[in-house]
Amino acid sequence: MNMVEDTPPKEENLMTVIDKLQEDDIAVNKHLDHILSKHCHVEAKLQSISKILPNIAIVRLEAEKFQNVIGHTNNLAEKVSAKVRQLDLARSRVCECQSRVNDILDLQLCSDGVATALRNEDYEQGAAHVHRFLLMDQQLLERTADNVSGDHTSVTSSLANLQQAANELRAVITHKFDEAVKSEDLASIERFFKVFPLLGMHNDGITKFCHYLCSKLQETAQKNLKAALDVRSTDKRSAVIFADTITMLFEGIARIIEVHQPIVETYYGPGKLLSCIGILQKECDKQIKKVISEFTKHRKIAKRVQLINEYLRKQGGTERVDPKDLDLVLSEITIMHIRAELYIKFLRRRIINDLEISTTDTQQRKDLLNDFEMIIKNSELACSMQELLGAYLAVEKYFMEESVNKAIGMDALDQDQQTSSMVDDAFFIVKKCIRRAISSGSIDGVCAVINMACGFLESDFTNQLRNRLRQGYPAGYLDLAQAYNALQTSIQHGRIQTSDTELARLMFLAYLNNTEVSIEYVETLNKSLSIDIDQAFQNMQTKEKGKIESCLAGMKNVALTLRTVVDYGLEQLRVSTVKPRITPWIDAFLAINHQINDDELLRYETDEPFVQSLVTNLEGFLQGFKNSLTEPNYNALIGILTAEVAARLEKVILKSTFNRNGGLILDKEIRSLASYLASATSWSVRDKFARLMQITTILSVEKIEELADYCEDSIAWRLTPAEVRKILTLRTDFRQEDIKRLKI
Amino acid sequence: MKGLRTSIIQEKKRTEFVIMEDYKFLFKVVLVGNAGVGKTCLVRRFTQGLFPPGQGATIGVDFMIKTVEVENEIVKLQIWDTAGQERFRSITQSYYRSAHALILVYDISCQPTFDCLPDWLREIEEYASNKVLRILVGNKIDREDREIPTHVGEDFAQRHGMYFLETSAKEAENVERLFMEIAAELMEQARCKELPRYEQNTTSLNGKTTSIGDAGICGCSRLS
């Protein structure tokens with residue numbers, strides 16, 4: 001349509017407009033036909049709908065009826081359930097009533113029963129009646145008494161009776177129990193102990209009973225302590241008698257808990273162990289204090305610690321304690337500690353078991369366990385043990401330092417050993433001390449001793465090593481090999497005295513070895529200690545593990561410090577021996593002519609006169625050290641030697657001039673020198689020779705242009721362009737202009 | 001080719017990361033000072049964000065770890081909380097030597113705890129490394145009954161070459177700052193120490209009696 005309007009009816013497009021209109025006409029006709037054909041179908045649908053209509057009215061009616069029925073039923077159901085509720089209430093009231101009637105009846109019964117029981121001194125029976133009475137709801141009973149006016153008097157009087165009887169019983173039982181304790185009548189004690197919970201006196205029962213147990217504990221502990229003090233010094237247990245006494249005390253408490261816990265649990269229910277332990281621990285604390293104070297007095301702990309402190313502060317002067325005498329005391333303190341740790345572990349295990357039965361609430365369990373930990377933490381036992389630990393640490397420190405100093409004082413160097421005796425001895429002692437601390441079972445103790453050991457090794461011990469090395473390696477005309485020979489012959493001839501210089505040299509090397517071996521020992525010690533600690537303290541908490549790890553990390557610092565001392569010693573060796581010895585050997589290079597004609601080239605190629613004699617000299621030099629240095633030290637020495645040789649060679653090369661043949665010979669000689677040094681050690685020397693190799697490469701080129709190719713090959717140059725040019729000028733056959741033209 | 005190289009570099013970075021155990025610096029911090037000045041509370045406040053009143057006296061030493069971030073570097077602080085009581089002294093002394101920082105705490109409402117500071121300094125002098133970072137802390141500034149004015153504490157710290165800070169573990173005042181500044185300062189020191197350390201070893205030796213000295217010992221255990 002649009003088309004028709006849009007296109008102006010011009011003559012030329014009239015035909016197309018007509019065609020379009022005709023097409024549209026046909027389409028409209030088709031559409032109309034289609035609509036008409038559907039007419040029949042629509043008619044049929046309408047008819048069927050009008051047929052269904054009356055049915056719908058019926059359905060609606062039925063649905064309304066149905067709804068009515070449901071509503072009605074609902075009503076009924078609600079009424080029924082209300083009745084049921086009422087019934088339920090009534091029933092429960094009846095129940096309550098019945099129980100109250102029962103209570104009242106029982107009240108009467110109990111009231112009478114208690115009176116008879118008391119008369120007959122049948123306390124269990126009486127307590128059972130009171131127990132029944134206590135289970136009743138007292139307030140309800142009183143209200144009932146008010147309500148029932150008829151029986152008023154009887155109920156109230158029964159109540160009063162019973163209350164009075166209960167109080168009476170409580171008083172009697174308490175009295176009887178006290179009496180039984182006084183007369184040590186164990187059967188009666190247990191008898192009345194069982195009655196307390198029936199009277200609702202759980203806490204009183206536990207307290208009284210535990211105090212009784214405490215008195216027994218005190219008795220035995222005092223007897224044991226007295227016996228310990230009477231033990232003669234010749235007795236074989238006398239050295240650990242106080243540790244034995246403490247052990248007996250702990251075992252006594254453990255036995256008490258073992259025996260009485262089942263009784264308590266049966267009659268008082270689970271969960272009472274914590275209060276028992278609370279009371280028993282107080283007694284334990286008292287006894288521990290006594291034992292420790294006797295121990296401190298008899299073993300003169302305070303005096304010894306004081307002497308040690310004075311000695312350490314003044315560095316001698318006052319009375320000196322022999323570390324050997326302290327060995328026994330240290331062991332005894334260690335035993336005391338491990339026993340205390342075991343005892344606490346025992347208590348903790350028992351408490352955890354008891355809590356598991358008594359409560360399911362994890363939070364409450366945690367709180368109660370925490371209460372236990374607080375009891376232990378604040379106990380005199382824990383404090384005494386920490387104080388003892390303090391004394392132990394002071395003594396152990398002294399023992400370790402003095403023993404090691406003694407070992408250093410008695411230091412001896414065996415001819416066929418690379419190290420002197422002090423290093424093995426020192427580490428043996430340190431290990432012994434830390435191991436002893438581990439056997440105490442106290443994490444804090446172990447940490448402190450590790451700290452002390454690290455401190456001592458890092459300061460005093462390292463200083464000893466460094467001071468010896470500081471004295472230096474005496475240089476002299478004698479070769480070390482000669483020194484050895486002199487030493488050997490003097491020994492063979494029965495003259496033990498060696499010259500001071502020889503001895504000083506041997507000692508220097510031994511101490512260099514000592515230091516190097518110490519690093520190894522420290523690392524081994526670190527590893528073996530962490531294994532020992534893991535074994536000794538199983539189930540360590542993360543915090544405790546962290547403590548140990550943090551302290552053991554100190555060992556790494558010790559190793560680092562020792563490493564600086566080894567470096568220092570090697571530096572001494574370099575300055576005093578390596579450098580002065582090799583200088584003349586290498587300076588011989590300057591005396592050789594490096595402008596070589598072709599005849600000479602042939603001869604030099606087979607002989608290598610310079611390098612061969614240098615290698616012989618180096619060989620002789622190293623031979624002197626090979627057996628007297630440990631492998632790492634020997635390798636380090638070769639490293640130093642290599643660096644020195646390379647540096648010196650570079651210097652003398654720069655002072656000489658060459659032709660091509662001279663450069664070729666040099667190149668060959670440097671290569672055979674490098675391969676000799678490489679064969680002498682397992683370490684790589686290639687790196688130290690890198691500059692030299694490049695220098696000889698430059699000196700042996702045929703034409704300068706060759707170097708440009710080298711540059712393109714992108715070798716890692718160790719030489720600067722200026723240096724390359726300078727080296728090229730050593731070649732007498734190269735022209736200055738060519739060198740300048742070279743692009744690098 | 002280029003892709004291969006970057007993947008190798010990434011691989012290398014990852015392995016380094018594993019070796020470093022997720023932290024780059026590790027420092028030991030030790031707290032000392034009289035009993036009851038609040039050392040444990042300071043540590044608890046910093047490590048756990050708690051202020052548990054009615055703490056019993058610390059026995060021996062307690063140990064906590066907290067990892068913090070300073071200038072995008074992860075720093076692990078090992079904090080040793082020591083017992084203030086005289087009778088536990090010999091256990092606590094053994095921890096001084098390896099400490100990177102020592103926090104000396106007093107109670108601003110209790111003159112005797114301040115009067116004891118010289119004794120503590122003597123002990124630090126005797127047992128700790130001379131390079132240790134020392135910080136004086138006046139704790140309990142939430143209390144009304146102050147006995148030590150701030151400037152007195154400040155003066156003392158200045159005279160003895162210590163850092164100074166007043167804190168309240170109860171109100172969480174300056175506690176975080178205290179430890180974070182220690183971490184930052186120690187990190188700075190550790191970084192400075194790394195370079196000169198190498199130079200000291202290469203000082204020229206003339207003659208056999210030259211000494212290298214103790215300078216080579218690094219005060220920190222930087223892991224790299």
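This is a predicted model: local features need pLDDT of at least 70, side-chain atom pairs count only at pLDDT 80 or more; totals for chains, interfaces and linings use all residues.
## Chain A

Chain A is built from 27 helices and has zero strands. Its C-alpha atoms fill a box of roughly 150 × 145 × 35 Å along the principal axes. The radius of gyration of chain A is 53 Å, whereas a compact globule of 744 residues would have one near 27 Å.

Of the 744 residues of chain A, 43% count as buried. Among the contacts in chain A between residues at least 6 apart in sequence, 79% join residues at least 24 apart.

## Chain B

Chain B contains eight helices and six strands. Read from the N terminus, the order of these elements is α-β-α-β-β-α-β-α-α-β-α-β-α-α.

Buried residues account for 47% of the 224 residues in chain B. For contacts in chain B between residues at least 6 apart in sequence, the share that joins residues at least 24 apart is 74%.

## Interface between chains B and A

At the interface, 30 residues of chain B are in contact with 33 residues of chain A. The size of an interface is often given as the accessible area lost when the parts come together. For chain B and chain A this buried area is about 3,000 Å², and carbon and sulfur atoms give 55% of that area.

Two salt bridges are counted between chain B and chain A. One of the salt bridges pairs the side chains of Asp62(B) and Lys543(A), with an N to O distance of 2.9 Å. On the side of chain B that touches chain A, the elements giving two or more residues are β2 (61–70), β3 (73–82) and α3 (89–93). The largest share, four residues, comes from β2(B). By class, this side of chain B has 12 nonpolar, 11 polar and seven charged residues.

## Salt bridges within chain A

Over all chains the count comes to 42 salt bridges. In chain A, the side chains of Asp532(A) and Arg435(A) form a salt bridge at 2.7 Å, N to O. Asp532(A) lies in helix α17 (residues 500–536) and Arg435(A) in helix α14 (residues 421–439), so this pair ties together parts of chain A that are 97 residues apart in sequence. Asp532(A) is buried, with a relative accessible area of 17%, while Arg435(A) counts as partly exposed at 40%.

A network of salt bridges links Asp327(A), Glu396(A), Lys432(A) and Arg436(A).

## Salt bridges within chain B

The side chains of Asp119(B) and Arg122(B) meet in a salt bridge at 2.5 Å, N to O. Both residues belong to helix α5 (residues 117–127) of chain B; because they are three residues apart there, about one helical turn separates them. Asp119(B) is partly exposed, with a relative accessible area of 41%, and Arg122(B) is exposed, with 54%.

A salt bridge also joins Glu181(B) and Arg177(B), whose closest N and O atoms are 3.1 Å apart. These residues are four apart in helix α7 (residues 175–194) of chain B, so the separation between them is about one helical turn. Glu181(B) counts as partly exposed at 42% relative accessibility, and Arg177(B) is likewise partly exposed at 42%.

Conventions: Residues are numbered from 1 along each chain as its sequence is written. Chains are lettered from A and ligands numbered from 1 in the order in which they are written. Side-chain values use heavy atoms; hydrogens and water are left out. Contact means heavy atoms within 4.5 Å. Buried area is the accessible area (1.4 Å probe) that two parts lose on being put together, summed over both. A salt bridge is a side-chain nitrogen of Lys or Arg within 4 Å of a carboxyl oxygen of Asp or Glu. Ala, Val, Leu, Ile, Met, Phe, Trp, Tyr, Cys and Pro count as nonpolar, Asp, Glu, Lys and Arg as charged, and the others, Gly among them, as polar. The radius of gyration is taken over C-alpha atoms; the globule rule is 2.2 Å times the number of residues to the power 0.38. Buried means under 20% relative accessible area, exposed over 50%, partly exposed in between (1.4 Å probe, protein chains only).
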